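I opened the model and kept notes as I went. The entries follow the order in which I looked things up.

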Amino acid sequence: MAKQLLKLNFEFKAEQPMPIKESLHYGVVGSGDMEVIIEKKDLAGKAKFQVVTPVVGYDQVWEKVLGRFIDESNLGNISVEINDNNATPEVVSIRLRQALAELAAMKA
Amino acid sequence: MNGKKWDTRRTDYLERINAAKPLVKTGKEVAASDVVKLLETVIRPGEKVNLEGNNQKQADFLAECLSKVNKEKVYDLHMVQSALALPVFLEVFEKGIAKKLDFAYSGPMGGKIAEFIDQGKVQLGAIHTYLELFARYFTDLTPKVCMVCAYEGDRFGNLYTGFNTEDTPIQIEATKFSNGIVIAQVNKLYDGVDNKIKRVDIPGDWVDFVIESPKPFYLEPLFTRDPALITDAQILMAMIALKGIYAKYNVQRLNHGIGFYTAAIELLLPTYGKELGLKGKICKHFVLNPHPTLIPAIEDGWVESIHSFGGELGMQKYCQARPDIFFIGPDGTMRSNRAYCQTAGHYAIDMFIGGTLQIDRYGNSTTATATRVAGFGGAPNMGCDSKGRRHITEAWMRCGDEFTAQKSFLGNQRRGKRLVVQMAETFLEKMAPAFVDELDAEKLAKKANLELPPIMVYADDITHIITEEGIASMHMCESLKEREDAIRGVAGYTKIGLEADPKVTGQLRKKGVIQTPEDLGIDRAKANRSLLAAKNVKDLVEISGGLYDPPGKFHNW
Amino acid sequence: MKTWVDLQTDSFLDANARQRAIGLVDEGSFTELAGPMDRLQSPHLPLLGEAVEFDDGIVTGVGLIAKRAVFIASQEGRFIGGAVGEVHGAKMVATLKLALDSYEKMKKDNPSLPDNRGPVAVISFETGGVRLHESNAGLLAHAEVVDQIQKCRGKVPVIAVIGSKVGCFGGMGFVAAQTDVSIMSPFGRLGLTGPEVIEQEMGKDEFDSSDRSLVYRTTGGKHKYILGDANYLVEDSIGSFRQKLSEVLSLSQDEINAHRRIGSLRLVENQLNKVRLSITLKPKDSKDVWKYAGNDNPESLVDLSTSDFLSVARRLKFMAANEEV
């Protein structure tokens with residue numbers, strides 16, 4: 001049986017969830033990199049993530065990295081989809097932060 | 001005195017030289033086609049033989065000849081050499097011509113050496129640092145025969161080693177002054193009368209045989225990093241280093257390791273460094289190979305002097321055109337010298353900074369992997385506190401005053417300390433964690449039967465660890481436990497990082513032992529490639545005014 | 001966030017597929033079609049455990065240059081080397097088809113449509129050819145693209161722009177050859193078999209792929225310009241490519257046709273003469289060809305800036321079938 005792409009799902013809720021105004025796509029799935037789609041969705045304040053990745057065994061790390069992103073950004077009512085190709089946690093953090101900066105620029 | 005002979009080595013030397021006479025043409029010249037015979041004539045089984053393999057230049061022709069000698073006549077040699085960078089250096093072990101090995105660096109051949117040790121083809125003496133191996137040339141590892149390479153030579157034996165002088169003088173000095181035999185391959189041989197070499201770097205009296213090599217010696221462009229490959233994460237870490245360490249200690253005399261982290265720092269000097277107001281305050285004196293990525297900072301007027309271990313392919317013309325910065329001979333060309341430069345690197349710099357691959361929970365760090373016996377070259381001599389140092393600089397004193405554990409030895413006596421900074425992203429390629437419970441070096445030690453695992457920088461020498469999470473100032477910690485906590489605090493999402501107690505990390509941040517980019521006032525969003533003073537090799541060529549001539553493999557146009 | 005104005009001075013080489021697509025047309029005019037939000041991903045890669053991308057490595061859409069519709073397909077080299085899979089290929093085919101359909105519609109609505117007012121198609125190549133994971137579908141896609149290019153002939157000018165990291169190799173090298181006009185930067189590379197594959201098959205003595213200088217001399221923009229495989233050579237900025245595109249767009253259909261490298265008996269004969277030249281000249285290096293083309297000091301061309309190069313470089317003359325070589 002050939003290996004399959006992994007789908008991981010996570011959910012977080014910020015204390016005071018901040019909504020976003022626009023949806024956004026950011027990034028390129030290069031080797032060691034990832035892309036993300038962040039969409040506005042009515043999720044009772046929650047932030048839902050789906051990560052698609054070929055790398056097995058890092059569920060806990062994803063949970064921490066994404067949890068910290070929500071802690072720092074306070075985003076809520078968002079659906080986030082990530083296509084990953086071996087991005088390190090550091091690259092994931094950088095890309096999410098850059099995506100957030102793009103969102104801010106779109107609002108401005 | 002009862003007839004004891006005190007000059008047997010000299011007699012032996014003269015016998016060998018006489019035996020080789022028929023092979024000599026004019027003066028000291030031997031034809032390339034006669035070199036195998038020459039080696040069979042002057043080398044005896046089991047002898048210590050030094051073959052010039054350096055970081056950069058390689059006596060590849062002589063190595064090839066040595067691999068072709070009749071192994072009935074020449075066998076079981078004990079090779080003492082700096083670097084084994086080419087497959088041909090290992091052929092002599094494959095064929096049984098050599099058996100024992102003492103060296104300092106093997107780079108790409110590290111995997112093969114581990115295999116050979118495993119198969120019993122190599123008996124490993126020790127892996128040294130360069131200075132350490134050079135020191136042993138003058139004690140218990142003095143070569144009987146030494147084979148070197150040079151750009152130019154003449155029939156009197158004079159050599160021009162120029163830009164890539166590297167190890168040649170010290171190898172020859174140890175051999176020649178113990179009645180050993182010195183053989184040199186040169187790219188170009190002159191008669192020395194009507195046509196002379198550019199400059200005498202090695203006097204002819206110290207050389208016995210000179211051969212014009214069929215092709216120029218191989219040079220490895222080891223220190224060239226393509227700016228196009230520098231990542232945003234490396235740029236962030238370079239910003240952390242500049243603001244958190246260079247600026248804090250006013251580091252003026254230093255060495256940069258090989259790698260993309262320090263390349264990023266070099267390329268940030270004219271941009272981010274300038275923005276921080278650091279020009280004229282840091283990075284004035286380097287002991288460093290001529291890194292192409294330093295060109296923008298040199299052109300921007302940051303650097304006052306650079307002394308080099310070796311040359312770097314493509315940088316000849318640039319160095320020659322900047323004689324105020326580099327060490328240039330009366331003929332106008334640069335001269336490197338590894339022994340002197342390493343000495344400077346050990347005693348006269350305030351900081352060593354470079355990348356590493358693995359750090360254990362105590363802070364011991366190494367670039368060794370489980371399957372390669374690669375050695376560290378000169379890094380450990382720079383990546384340590386030089387205990388013989390007595391002169392004072394601001395950076396050295398400040399680091400010493402912060403060194404908490406020093407008080408438990410010296411009481412209230414003050415002493416400085418070298419800044420030793422290791423940089424590592426918490427995860428390297430393919431999600432390999434930089435922070436590990438057991439270093440791969442331990443596995444290697446077991447596999448290759450080494451008594452000690454190869455550690456590049458020990459935890460008691462390291463002062464700072466930089467990751468994308470921030471800086472851990474190891475020397476400011478009170479105890480082993482606190483050092484472990486500091487490491488956890490910057491180890492991100494690695495297993496060791498996940499063990500961090502947020503409360504403890506918070507306390508260490510308050511004490512200044514851990515500093516995050518935010519603590520340092522660094523805007524992570526600014527960490528991107530637009531900060532690089534040169535974005536690719538072509539930019540470097542342009543900034544150098546066309547003086548930098550990159551080797552083919554970096555010539556992307 | 002990069003603005004359109006930033007993109008104009010940005011390096012084309014470093015730009016990603018989307019930045020190229022946005023920057024190649026007039027400010028604010030690009031509309032992405034079948035973009036990442038539509039999630040047209042490869043159905044094959046997940047089965048092999050390989051990472052997927054929402055746009056399958058190609059950005060498609062339409063924009064304007066001086067009010068003229070420009071349909072763009074822009075390949076992303078960072079995603080599996082820009083390799084052409086089923087969805088990726090289908091998006092490229094559909095882009096060309098859309099351009100042709102819109103031409104037919106405009107022509108129908110306005111039979112006197114001047115031939116330099118209709119839509120054009122631009123392919124920004126960055127690819128090594130077929131995606132091996134889905135090779136049959138990828139190969140078919142190549143055939144369909146070629147088919148579309150033939151259908152576009154004389155109606156919708158198809159323009160190749162090549163100046164990205166991966167270059168344009170494999171089957172897409174054939175495709176690029178069949179476009180009407182080809183624009184490259186010195187950093188662009190065009191060929192069939194990639195350098196690494198040549199070395200692997202023929203050995204390091206035949207072609208040392210680690211010698212980047214050799215690789216660029218053999219496949220790079222300057223060489224292709226001298227040979228005539230590239231009609232134009234431009235600086236490495238998105239703005240330079242856009243400027244050249246807008247110049248080409250002002251040409252009549254006849255003038256566009258005159259840019260073709262193949263596509264008529266006469267042009268094929270010219271190509272065959274180049275093959276004959278390679279037999280008689282036996283070049284050891286591209287520089288031998290440059291010299292033959294009239295560049296007395298070919299070595300000096302290697303490091304020249306684009307503008308200096310353009311002012312001095314002599315190109316291989318068009319060779320008629322009966323011309324002695």
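**Helix across the sheet**

I began with helix H1 (residues 59–73) of chain A, which lies across E1 and E4 of chain A. Its direction runs at about 35° to E1(A). I note here that this is a predicted model.

Next I looked up how E1(A) and strand E4 (residues 46–53) of chain A pair. They run in the antiparallel sense, over eight bridges. As a reminder to myself, strands of a sheet pair through backbone hydrogen bonds, either parallel or antiparallel.

**The whole sheet**

I then traced the sheet in chain A. What is the order of the five strands? I read E1-E4-E5-E3-E2, in an open sheet. The pairing is mixed. Which strands are the edge strands? They are strand E1 (6–13) and strand E2 (24–27) of chain A, and each pairs on one side only. From one strand to the next, the twist averages 15°.

**Chain A overall**

I counted elements next. Chain A has two helices and five strands. Along the sequence I wrote down β-β-β-β-α-β-α. The radius of gyration of chain A is 13 Å, close to the 13 Å that the globule rule gives for 108 residues, so chain A is as compact as a globular protein of that length. I also noted the box filled by the C-alpha atoms of chain A, roughly 45 × 25 × 20 Å along the principal axes. Of the 108 residues in chain A, 42% are buried. I checked contacts in chain A between residues at least 6 apart in sequence: 86% of these join residues at least 24 apart.

Last, I went through the phi angles. Most residues other than glycine have a negative phi.

- A:Asn86 is not a glycine, yet its phi is positive, about 65°. I located A:Asn86 in the loop between strand E5 (78–85) and helix H2 (89–107) of chain A. Buried would need 20 or more.
- B:Asp76 is not a glycine either, and has a positive phi of about 55°. In chain B, B:Asp76 lies in the loop between helix H3 (60–66) and strand E3 (77–83). B:Asp76 has 15 C-beta neighbours inside 10 Å, so I logged B:Asp76 as partly exposed.

Methods:
Residues are numbered from 1 along each chain as its sequence is written. Chains are lettered from A and ligands numbered from 1 in the order in which they are written. This is a predicted model: local features need pLDDT of at least 70, side-chain atom pairs count only at pLDDT 80 or more; totals for chains, interfaces and linings use all residues. Helices (H or I, at least four residues) and strands (E, at least two) are DSSP runs, numbered from the N terminus. A residue is buried if 20 or more other C-beta atoms lie within 10 Å of its own, exposed if 12 or fewer, and partly exposed in between; C-beta atoms are placed from the backbone. The radius of gyration is taken over C-alpha atoms; the globule rule is 2.2 Å times the number of residues to the power 0.38. Two residues are in contact if their C-beta atoms, placed from the backbone, lie within 7 Å. Two strands pair if DSSP finds at least two bridges between them. Axes are lines fitted to C-alpha atoms, for helices over the stretch in contact, and angles run from 0 to 180 degrees between N-to-C directions.
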